[in-house]
Amino acid sequence: MESAVDSKLPSFGDARRLVEEYAITLSPTQPELLSLLESCGLVLAEDLRADRDFPPFPRSTRDGFAVRASDVKIVPAHLGCIGEIKAGASCEQSGVVVRQDQCVEIMTGAPVPEGADAVVMVEFTNRSGDAVTVQRSVAVGENVVAKGAEAQHGAVMVSRGTRVNHTVVAVAAAVGSSGVAVFRRPRVAILATGDEVVDINLKPGSNEIRNSNSYSLAAQVQAAGGDPMILPVARDEPGELALLLRKGLEADLLLITGGVSMGKYDLVEQVLASLGAQLFFTGVKIQPGRPVVFGEVRSGETSTPFFGLPGNPVSTMVTFQLFVRPVLDALSGAKPQPLTFAQAQLKSNFSTSTGLTRFLPARLAGTQVQPEVELLPWQGSGDLMAASQANCYIVVPPHQERFCAGDGVTILLL
Ligand code: AMP
Ligand code: MG
């Protein structure tokens, strides 16, 4: 049953939309020129254009014989081999021209010579000296990529706003860009709060816990192309909190963990409000992460977005993925990327209560024809061990209570 408090909160979909709509109003950081490998994980600030036709010549995709398709319409066809072209050979230098009933031995990646319009795979030929018997017909253009078919000289091959991964690196390398212009990593301040939270280098007292959130968030920020800046842990005391929040608001984005629930010492919202923060939402109908807060602080022309993420470690991780990512994408110069949902078959029964969209730690396995997912046993949103074994979350819609083995369920990939 949905509580009266919950009924006022936005649904997961509405909150996510709100964040995405906010994100597209943000300006990216300044571009900088980085070497190709340094640019990995960052976002292109320039288009990558073809510096010549791709491929630069009609390219054979097979080892075999370059032929005229019309000569092998009726098979077996008997052709005379007049030479060989290997990858790296120049068509002009070879000077080979394939005329009627002739062929040329050709290797994968080599230029198809003048006169030939297709390549027959070597597997469908027999050769004796220069006599080649072709066993199978080919259509015009078969096993050949025409000059410029992938990209013509000057065409945009990868556009500005694309995050650089190994495939983009390959394109940059192929067009001869050893350095690329990318948007600078946005600086993301991370502020953990709580009297019980101690630095990881200190031995915690029996009543204390180590600050794992600042590090899990820093890792997520880094993986998302941001530059994390971990601030000292703030006590649950308004003065100290205000001081550290001000420091954090100097960054491009501020992430706060803990102190956003309904407890007496959950001070983050009230201290942010005293700093002039505008709050876009304070809570979303999700679990884990229900108390998540999103807003911004304006100062003159600039504004700094912030998120108050619930302190339970799994809530912190999940709400980063659900809500922080689009803002980080936008500050990095990319369009906010959609979440990666998939479908899998449930391995065992389970039931939950209704009212919230739930993201439950789970393990995806199975085969390509039947992906299977199993809920991990967990002790709730403080359970780091369950989270560390998960490779996805099962997404439970707010109205569904019972799930049976064999049901198709939606999962969110990590
Ligand atoms: P809070 O959101 O401040 O009410 O905290 C909820 C739970 O998360 C409490 O059990 C905290 O001890 C735990 N927690 C808060 N901050 C951190 C942190 N930085 N690292 C690990 N656990 C935390
Ligand atoms: Mg706290």
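# Close-up views of a predicted model

**Figure 1. Helix H5 and the parts around it.** Helices and strands here are DSSP runs, numbered from the N terminus: a helix is H or I with at least four residues, a strand is E with at least two. H5 covers residues 213-223, and its buried residues are Asn-213, Ser-214, Ser-216, Leu-217, Ala-218 and Val-221. "Buried" means under 20% relative accessible area, "exposed" means over 50%, and "partly exposed" is in between (1.4 Å probe, protein chains only). What do these buried residues of H5 pack against? Their partners are strand S13 (187-192), strand S16 (227-230), strand S17 (253-257), strand S21 (302-309) and H8. A quick note for all the figures: this is a predicted model, where local features need pLDDT of at least 70, side-chain atom pairs count only at pLDDT 80 or more, and totals for chains, interfaces and linings use all residues. Residues are numbered from 1 along each chain as its sequence is written, chains are lettered from A and ligands numbered from 1 in the order in which they are written, and side-chain values use heavy atoms, with hydrogens and water left out.

**Figure 2. Gln-321 in helix H8.** Look along H8 (residues 313-331) and you'll find Gln-321. Is Gln-321 buried or exposed? With a relative accessibility of 13%, Gln-321 counts as buried. Leaving aside residues up to four places away in sequence, Gln-321 touches Arg-16, Gln-220, Leu-339, Tyr-393, Leu-412, Leu-413 and Leu-414. Touching, or contact, means heavy atoms within 4.5 Å.

**Figure 3. Who sits around ligand 1?** There are 18 residues around ligand 1, and Glu-196, Asn-211, Asn-213, Gly-259 and Gly-311 come nearest. To make that list, a residue needs a heavy atom within 4 Å of the ligand. Zoom in on the polar atoms: one in the side chain of Glu-196 lies 2.7 Å from an oxygen atom of ligand 1. A backbone N or O atom of Asn-312 is 3.1 Å from an oxygen atom of ligand 1.

**Figure 4. Aromatic rings, starting with Tyr-22 and Phe-280.** The structure holds 9 aromatic pairs. One of them is Tyr-22 with Phe-280, a tilted pair at 5.3 Å centre to centre and 45 degrees between the planes. Rings of Phe, Tyr and Trp (its six-membered ring) pair if their centres lie within 6.5 Å; planes under 30 degrees apart are stacked, over 60 edge-to-face, and the rest tilted. Tyr-22 belongs to helix H2 (residues 12-23) and Phe-280 to strand S18 (residues 277-282), so this pair ties together parts that are 258 residues apart in sequence. Tyr-22 is buried at 11% relative accessibility, while Phe-280 is partly exposed at 25%. Both belong to one aromatic cluster, whose members are Phe-12, Tyr-22, Phe-280, Phe-281, Phe-294, Phe-307, Phe-323 and Phe-359.

**Figure 5. Gly-109 and its loop.** Find the loop between strand S6 (102-106) and strand S7 (118-121), and there's Gly-109. Its relative accessible area is 22%, so Gly-109 counts as partly exposed. Not counting residues up to four places away in sequence, Gly-109 touches Phe-57, Arg-59, Ser-60 and Ala-87. How far is Gly-109 from Thr-167 in space? The two are 19 Å apart, C-alpha to C-alpha, and 58 residues apart in sequence.

Figure 6. Most residues other than glycine have a negative phi, and most peptide bonds are trans. Now check Asp-101, which has a positive phi of about 60 degrees although it is not a glycine. Asp-101 is in the loop between helix H3 (91-94) and S6, and is partly exposed at 40% relative accessibility. Asn-143 also has a positive phi, near 65 degrees. You'll spot Asn-143 in the loop between strand S9 (131-134) and strand S10 (144-145), and with 15% relative accessibility Asn-143 counts as buried. Then come the cis peptide bonds. The bond from Val-75 to Pro-76 is cis, with omega near -5 degrees, and Pro-76 lies in the loop between strand S4 (64-67) and strand S5 (77-85). The bond from Gln-287 to Pro-288 is cis as well, with omega near 0 degrees.

Key. A polar contact is a pair of N or O atoms within 3.5 Å; within protein, one must be able to donate a hydrogen and the other to accept it, and residues adjacent in sequence count only if both atoms are side-chain atoms.
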